Structures are given as C-alpha cells and as structure tokens.
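Welcome to the tour. Please have your viewer open and your selection tool ready, and we will go from stop to stop.

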Amino acid sequence: MSAAALRHLRLRHLPPCSLSGLKTQSRSPLRSTFHRTMATAASPATSAPSAGPVTKYRLQYEPTPFVVSSVHLDFALEPEATVVTQTTHYKPNDKFKGASKDMLFDGAAPDDLKLVSICVNDADITAQCDRHAKGLTVPASSLPDADEFVVKIVTEIAPAKNTALEGLYQSSGNFCSQCEAEGFRRITFYYDRPDVMTKFTVRMDADKEKYPVLLSNGNLVESGDVAGTSGRHYAVYEDPWAKPCYLFALVAGNLKCVEETYTTKMSGKKVTLRIYVEEHNLDKCQHAMDSLIRSMEWDEEKFGLEYDLEIFNIVAVDDFNMGAMENKSLNVFNSRLVLATPRLATDGDFYRIEGVVGHEYFHNWTGNRVTCKSWFELSLKEGLTVYRDQEFSADVNSRAVKRIDDATMLRAAQFAEDAGPIAHPIRPDSYQKMDNFYTVTVYEKGAEVVRMYERLLGKDGFRKGMDLYFKRHDGCAVTCNDFYQAMVDAANGGNDLPNFLNWYAQAGTPAVTCSSSYDEAAKTYALTLKQTTPSTPGQPSESKKPLMIPVATSLLDSSTGAPMPSVTVSTDGGDATTMEGPEFVLRFHEAETTYTFSNVASKPVPSLFRGFSAPVKVTVDGQSMDELAFLIANDTDGFVRYDASQRLARTAMNACMDAIPEDVAPCDCVPSGELASSPSVSQYLDAISTAIDRVVAMAPSGIDEDTLSFIARLVVPPAASEIITDVPMGTADPAKVCRAREAVLNATAQRNKDSFAKLLAYVDSNEPKEYKPDPTSMALRTLKSVCLKMGVRAATVAGDAAASEAVYNDVLERYRASTNMTTQIACMSALNDLKKCPAREAVMEEFYNTYKEEKLVMFKWLSMQASSGCTGADTMEKVFEEHPAYNINNPNSNYSLLGGFCGNLSQFHTPEGYAWVAKMVKKLDTINPQVASRFCKVFARYRQYEPTRQALMKGYLEELSKIESLSENSREIVTLALNDQ
C-alpha cells in the first residue's frame, strides 16, 4: 500500500503536524510496552475476543490451527444487499496435531456483516457457532476429524452504506474493495491475517447495464450472461499465485480503459496493461501508463525481477482512504494518483503519480510474492518498497534532489512522530487497530533502515542480499529478521552487522554528537562519535542499546574544498585501514568511538553523513558558521550543502525567536538593527546570497537542472514543525516560531530581490512553451515558484503600496496567461497569505469558477484556502465546512481542507483552531474512523507546547475520550496521547 496519501498531507504529503497513519517480528533485544495501559489479548486460537478494544502483541504470535488449501468466493452484487458465498477447503495444521481447536474467524460487527449461514461438509452448523463482535467462533465439536474438510459461509453486506471505505464499498456508483489491513473481515468470516496464503477463485455477477466491467485478481477464465436472469452477467477469475486475503480485490462498474502491451526484457513475455477509469477521464491516464512501463523496465534492469502474469490492471476510484493498493494484478488507486494532464495537474502530481505507480508495481515482489508473517512486520514490505520507489524516482529524475526531499520530509514528519506519544519502532510490539500504524515511521524510517544495508554492504552486496532473499522466501510470509539474515549471509560473509537489529526494536530518533581534533605535528585527525537515543513511551533512554550507524564521510581540504583522496583510519587503537576515494563509510556501532586518520596534511573540514546516510540528528561540536558556509560553497554532496544551509538558518531563526514582538504582522517580521547585524543572521544571509549569486553568474552559459532544483531548496529555511520538534518539551510556541521563520524568509527576499528577479527572467527565457513533465522543465518551474514568492515578499516588506500592487498584479497576469496547473498554483501560492489583496481575491475566485466541476482540482483550491494565513477557524466553519467543494465523506476532501488547516500553524494553534478541528474529528469518526484517527494525532503531541496551548489540546483529547461511541481507531490514539508521561 502506498504512503502517498499521507505524503500528500505532509509537505507535500502530510502537514507539519504529522498526521501520520497510512499504511510491521523477530527476536527483539527490547520489549516495548507501547500499549502498557491496554488489556492483554486473549489467545487468538482458543477463545473469542472481548467486544472492546483488544491489544495484539508481537511475541504472542502463533499460526492458525487450520491451514487454508483454497478459497472460492461468489459475489451476487447489489448496492444494498450483496450476498457473498465463501467456500474454503481447510486442513488441520500439523503444528497442533492431536489438539482440539476451535476455528476463530475474524469478522466485522453484526451491523456491518450479516451471517446468513455456515456449513461444514454440507452440514448446517449455524446454530452451534458463536457470532460475537469480533467475528465468528466455530467450536471444535462441530468440526470433523478429517484430513481435509470444506467450510461454506454465506454473508450479506451493504456496500452502498459502507462509508468507512474498508471491505467492499461503492465509489461513484461502482463497486470497489480495500482489504489491507483488516478490510476482508467486512466481507466474510475468515482468517484475516497476512500469513494465511492460498489461491483464490472469484466469481461475481451483477447488473450488466450498470456494471459492465467485472474485475478481480489473476486471469479471467470464464464470463457470460447469468442463465435464468434478466440483464445479469458474470465473470470468474483465477489467481495462480497464493496470497493473503488483504491482497484480494474486486471492482465492478461502468468503466472504460486505456490499454497498452509491455514485453518483458528477461523472457519476452507479453503483458497486457490496462488502466480503468470513468469514461470522461480516459484522456488523463497516459502519464500513469508511461510510469507503469518505466517501473516494469526498471525492476527488470535494477533487480532482475520480471512480472509474473500476463495481465496488469489499475483502477482509479475517487473515494479511497489511502494512496493506492497493490492487490495482485488489480491495483486500486486513489484517482488523484492516476489522473493527470498539464491543465489539471501540477509537476508535483506528475512526480507523485510516477513514484506511486512504481511503488505499487514494485510490491508485486516485495509484498505480494514475499509478504509479512504478521502485521508487526509491515515495514518488511513497506519500508523495502518505499526504498525501491525512492531509488526508481532517483534514477529517472535527479538523485541529489530526491535525497534532499526525502530527508526533508523525514525530518519534518517522522522525527516529530518519534518525539511524541505515538512513537514506535519500525516493527511495533503491539497494536489495537493496525490502520493506525501505516505511519511515516514504518514507511519512511523503514526505508532508511533498508538504505543503511546498502550503505554498509555496497550496491553489489545489497543486490546479492536481495537475490538471496527472494531465492529463500518466494511464496512465503516472513519477518524482518529473515531479510536481515539474507543480507548478512549474501554480502557480509555470514557475519552479523553488530547492533543493526536494534533499529527494528527501538523507537526514537538517535542523536549523534561529533567532535574532532587535529594534531599538526603528527599529521593525524581524530573524529569522536557518540550516540544516544532519547526516551520514548515504554522505552527509557537508559535501556536503549547502541545502533549500527553508517557514517558516510569525506575529509575536505580547507584550502581548496577538494576531498582528500586517500586516508588511513584506525578505530580506538585497532588495525589501520586505508579508505580510498572521495567518500568512505564508517561503521559506527558503539556508544562512543574515536576514529584516527593518519597522513592528513592539513586540518580538514569534515563532511559527515553524506547523502543523509542514517536517519539521525547530528550535532557537530565546535562547528563554526564559517565552516557551514564553507560546506555550502564547496562540498560536492548535495545533501551536506543543503544541511549546512539549514543549520545556518536554524541559528538565524533562533536569534529572531525572542526578538520579534508578538504584535508584529508577518510582512513586518524583518531583522533590523542589532539583530540584522548579528553573526547568526548576517552570516546566514551572506552564505545564501553567495550561493544565489553563483547561480545567477551561471545563467549566460546555462544552469543545469540539479543546480536549478538545489538553489530553489537552499533558500528555504526549515519548516516550523521541524523547529518545534527540537525545542525543549513544554515550551513550543508555534506563533513565535512562525514569526522567526517569516523574518528569515523576508530578509532573504529583501536582500536578494534583484537576484531573484534575474533568476525569474532566466526561467522565463528558458522554460519550454509546451508543458513537459521532464526533470529540466520541472526544475525551471520549481525555481519560478520560489522566485515569485520571494518577489512578492520583497515587495510587501518594502512597504511601497504602488510598487507592491504592481508586483501582485504581475503575478495575477502570469496566472491568467498560464496554460499549465503548475504555474497557476505557483501564482496562487505566491499571493495566498496577502490579506485584503485584490489580486489574491481575484485569483482565488477565477480559479474556482474555472475548475469548480473538476473534483481533483478543487482539492487543490480547498488546500490553498485552508493553508492561507488569511483563513482562520471562523472562516473554515462558516464558509468552507458547508462549501459545495467540500465533501466530508471523501477522504481527499478531508485531507485537503482539514489537513491544510492543521498544517497552517499560525491559525490551527489558536483556541478557535483547536475547537474547529476537534468538532470535525467528532463528525468524521462517525463516518470514517480511519481518517478521523489521523486527525486525532494533531492533538497527540500536546506536551510539546507551552502550558496554555498544552492545556487546550489535552482538554480536547479528554473530551474525545469521554465519547462512548468513539471508534477503536480514534480511541487508541487518544488513549496513547493521554497516557504519555
């Protein structure tokens, strides 16, 4: 399953308040007490669970007492009353030989899943079974003493009433399913868990006129009209590959498709590719189709993984909780991650579609062919597949820029999650609702853990490990430890990577402190690294063990900036090793280690954690602002240059934090007097200006795409949410942080006004007239967006009304002249925070009137309005809550409106902002608990904030906790937050 829905909420992707919750076993050195206040779960194999929340524990795992041989599902599709007939062959599990075991099937609450009948070997045993709130228990006394027997279960469901969008539901009148993580239990009674793998045969029948397209997993083996009926037809699908039920999919509707054929490079197999959409969207599918073909080619070339069927379908639906779902051969996508044209989609949309299409396709091997033994192992498939989609995007676009963007998102969203009450390892030890653990920790931090294997073992070693992983485990449900063992056996001579497995067991963001000294007489350079991991719920800091941390390092000549080509290093008196090349990786796996480099001719400038080689926070003792400026100007690693700029920006923001009065408007937040001339501010501005001027000087001969993208990112300081995470617990003042950030941005715009104008002119001269979503064109438009924003800032700060109006009107005219959505959104964004500005009012009105019939585009408009500094909670409640563009039943609509507002820190972090979001959470919880629980998380980190806000946020959590009917999804988040001490 893709994390893209959450990513969209974050930066991109989730608002800074970390609404994480999209889409994780082995021997652990630590036992997390993540649900230390929850009740212990009953043994799943022997007794019915209680009606209330049940906590599942990783260490209590045991297999099912019966093994599934095959499943046949028959759907008589009707919106209000679909009848599902499940016929399943079971065998006793040899591991329980001689033991009498009940069959405990998972199932939704009676209101959502009606049991019609259950038969064993054609004998009706319905009256003997226990139908309870969590499913169905078949007593052992009702089961035959046989090597194999057949269970036939008939259920009835109402897809049209299913607003939770889990199981089988309707979207735009079409039937659609979503079964990960625990949606299959809303369809029928079954072992709804990932380690139960079998082959599925699916038959469905439906009204032929209303639902002409019938789709499921695998190959279509039979279809036709239903005999004896008027106007009904059927289709039968067989999937030759064993799979868990979370990968089951069904779609039935009035859909059309675009079709292409892909011929695999490895065996020459022809694969039919189809993307199904509503007819009016057929012209919006080509980019997704091209992305799918690129993904298939890349996976063959990069990992030697060939597609294993002759058909691959994608279906786009409007109502979908997540980004997309990797169901075997039938991927179901949120329509915003398939549909794109230059007029209706931005560069970011095109980029995300490519990445998410790749992500879901890559799951065919990392998730489907090899899946996870339990949901605790979710990161096994999701962390690995995020790593693969990141590598794919890096290879087909800009690797340096991709790495910066991934690191930025992780530090803004995942570091915040690691610092709060929802903190959990990438492999949690317990959960109540698995939906709550589709998080940035499991996905993005999990991807960083996979990337560390590659850093430690090298690209060739990592590929050998992947090959062995598939050779050992194809067709199996396995654990994170199995992946680790394949890596070390294939690429590390069978030797352990010391302390690496602690990454799977420990929550929290590790902190690495670096100190160094140079002995000029001995020509030696000593680098000392110390690591600690802070306390997280159930895991005090003193109990946490050291981690294996790859430190990608280069020593730069302080005169030339060039990397020292060859150095000899020894560790705490150990044997010396020669490190060749401009970059080498230190294997840091103790609490403290000193590395001594010999034959170092002069005192170097260390370039550490190049390429963001580990998901850690780094402090470099004694690092001066001059050294940071040196790295910005000279380092060859894009991430280190970017990180140096962020460190300087933090210093400048910290200087402004207490210096800007509370009553100063955002446009007036500019460092002046002693503050402007202070080293913290002036050296940051000097370094940024120097970098900008270098790029301007390149213009006559042309600026490459990496430089265009890099400078657009370099001039933007850290997100306010990232700063909030780093301040002492109980002191964060979002308004103060936002004012400091505004001050730094305004000063940057003011000082570099002419340079930004020159860069904008360069973009105007070099941007292709016809829109193309290629890396160079995207880089030009990214820089254009930054230049427009900086131009508006500079004009606003200057205070000349006539000159400002001219700049605003220029942006408005650019909006009107543009024929692509990227530039239109850039213009809107540049004007978005201007109060009582006719140009802003005009662009918002014109955009709405032009696109009000385009649902996906309206999500952008809602998000823009909700994230504006002009939009307070009063406006949200009185204007947008009842606006025709907003639909509370649609997840995308909520992610846009509520997500946009929660990321609008200056407006959300007010008494009125808290009250409005809490009210909306209560409403949402009765409609779609999975979406509601994500918005509960915006209150969960209340302890980070200063006392007044802390009390308000905690009060709303307490209010939610008192709602008797609060969903299990939301109650889990609320309880964890309130129990955080």
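Before the first selection, a word on naming: helices (H or I, at least four residues) and strands (E, at least two) are DSSP runs, numbered from the N terminus. Keep in mind, too, that you are looking at a predicted model.

**Stop 1: Tyr191**

Select Tyr191, in the loop that links strand 11 (174–178) to strand 12 (199–207). Is Tyr191 buried or exposed? With a relative accessibility of 4%, Tyr191 counts as buried, because the cut-off for buried is under 20%. Now show what surrounds it: beyond its neighbours within four places in sequence, Tyr191 is in contact with residues including Thr64, Pro65, Phe66, Tyr90, Met103, Phe105 and Val196. Cys245 is another of the contacts; Tyr191 and Cys245 are 54 residues apart in sequence, yet their C-alpha atoms are 8.2 Å apart in space.

**Stop 2: helix 5 and helix 13**

Next, select residues 399–418 (helix 5) together with 705–714 (helix 13); they pack at an angle of about 20°, with axes 9 Å apart. That angle makes helix 5 roughly parallel to helix 13, and their crossing is left-handed. To see where they meet, show Ala400, Val401, Ile404 and Asp405 on helix 5, and Asp706, Ser709, Phe710 and Arg713 on helix 13.

While you are here, pick Asp704, in the loop between helix 12 (679–698) and helix 13. Asp704 is partly exposed, at 38% relative accessible area. Draw a C-alpha to C-alpha distance from Asp704 to Lys402: the two are 16 Å apart in space and 302 residues apart in sequence.

**Stop 3: helix 6**

Move on to residues 440–473, which form helix 6. How far apart are the end C-alpha atoms of this 34-residue helix? They are only 26 Å apart, whereas a straight helix would reach 50 Å at 1.5 Å a residue. Centre the view on Gly458 and you will find a kink of about 115°. Helix 6 is mostly covered, with 25 of its 34 residues buried.

**Stop 4: helix 17 and helix 18**

Finally, select helix 17 (775–798) and helix 18 (801–817), whose axes come within 8 Å and cross at roughly 160°. The two helices are therefore roughly antiparallel to each other, and this crossing is left-handed. On helix 17, show Leu788, Gly791, Val792, Ala795 and Thr796; they meet Ser804, Val807, Tyr808, Val811 and Arg814 on helix 18.

Technical notes
Residues are numbered from 1 along each chain as its sequence is written. This is a predicted model: local features need pLDDT of at least 70, side-chain atom pairs count only at pLDDT 80 or more; totals for chains, interfaces and linings use all residues. Side-chain values use heavy atoms; hydrogens and water are left out. The expected span of a helix is 1.5 Å times one less than its number of residues. The bend at a residue is the angle between axes fitted to the seven residues ending there and the seven starting there. Buried means under 20% relative accessible area, exposed over 50%, partly exposed in between (1.4 Å probe, protein chains only). Axes are lines fitted to C-alpha atoms, for helices over the stretch in contact, and angles run from 0 to 180 degrees between N-to-C directions. Angles under 35 degrees count as roughly parallel, over 145 as roughly antiparallel, 65 to 115 as roughly perpendicular and the rest as oblique. A crossing is left-handed if the near helix is turned anticlockwise from the far one by less than a right angle, and right-handed if clockwise. Contact means heavy atoms within 4.5 Å.
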